[in-house]
Amino acid sequence: MKWFYVIKTSHNDTLGFGITIHLSKRLVDGYCNPSAAKQQFSKLYYGENLHINQLEKYIKQVYSSKRLNFTNTRTRKLEWIDPKYDISIEDLIDTVEDRISGYPLPIKRIRDKFLPYTLDNPDIFKTINENPDLFLEQLG
């Protein structure tokens with residue numbers, strides 16, 4: 001099982017997305033430590049690896065021309081939305097959820113009462129597979 005996340009950085013409000021198997025490790029190693037700032041995942045989705053990978057691939061394609069790219073090569077586009085395009089977090093979430101519902105993909109959304117995901121409670125989803133209805137909701 002894998003996670004798809006939406007993040008808006010605390011230090012510069014840059015909007016991004018990605019996938020991971022380990023939420024807390026990704027948040028610490030990928031975002032908090034490099035930025036020297038507390039970060040959080042604003043929205044989370046959970047599903048089989050194949051489906052989460054398909055979702056990420058789709059989102060990368062949709063936002064291909066709007067993703068940051070510091071090396072000016074097509075292969076190094078980042079999973080960050082360039083702020084100059086003024087894409088809101090709601091726009092990104094709508095795109096993600098439209099894909100999940102419309103495709104449809106068997107991916108579920110984490111209930112809002114468990115968000116945002118922070119390092120204050122890194123093991124909150126430890127029992128997600130034993131009690132999925134507590135944490136997850138179907139879209140649409």
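Helices here are DSSP runs of H or I with at least four residues, strands are E runs of at least two, and both are numbered from the N terminus. This is a predicted model, in which local features need pLDDT of at least 70 and side-chain atom pairs count only at pLDDT 80 or more, while totals for chains, interfaces and linings use all residues. Residues are numbered from 1 along each chain as its sequence is written, and side-chain values use heavy atoms, without hydrogens and water.

**Helix α1**
- Helix α1 covers residues 23–35, and its end C-alpha atoms are 17 Å apart.
- α1 bends by about 30° at aspartate 29. The bend is the angle between axes fitted to the seven residues ending there and the seven starting there.
- Leu23, Leu27, Tyr31, Cys32 and Ser35 are the buried residues of α1. Buried means under 20% relative accessible area, exposed over 50%, and partly exposed in between, with a 1.4 Å probe and protein chains only.
- These buried residues pack against β1 (2–8), β2 (15–20), β3 (41–47) and β4 (80–81).

**Aromatic pairs**
- Rings of Phe, Tyr and Trp (its six-membered ring) pair if their centres lie within 6.5 Å; planes under 30 degrees apart are stacked, over 60 edge-to-face, and the rest tilted. The count comes to 13 aromatic pairs.
- Tyrosine 5 and tyrosine 31 pair edge-to-face, at 5.9 Å centre to centre with 80° between the planes. The pair links strand β1 to helix α1, across 26 residues.
- Tyrosine 5 is buried at 0% relative accessible area, and tyrosine 31 is buried at 7%.
- Phenylalanine 41 and tyrosine 117 are stacked, at 6.2 Å centre to centre with 15° between the planes. Phenylalanine 41 is in strand β3, and tyrosine 117 is in the loop between β5 (108–110) and α4 (132–135), 76 residues apart.
- Both phenylalanine 41 and tyrosine 117 are buried.
- One aromatic cluster includes Trp3, Tyr5, Tyr31, Phe41 and Tyr117.

**Leucine 92**
- Leucine 92 is in helix α3 (residues 89–102). Its relative accessibility is 0%, so leucine 92 counts as buried.
- Beyond neighbours within four places in sequence, leucine 92 contacts Val6, Leu15, Gly16, Phe17, Ile59, Tyr63 and Ile87. Contact means heavy atoms within 4.5 Å.
- Leucine 92 and glycine 16 are 76 residues apart in sequence, and 8.8 Å apart in space, C-alpha to C-alpha.

Definitions and conventions. The expected span of a helix is 1.5 Å times one less than its number of residues.
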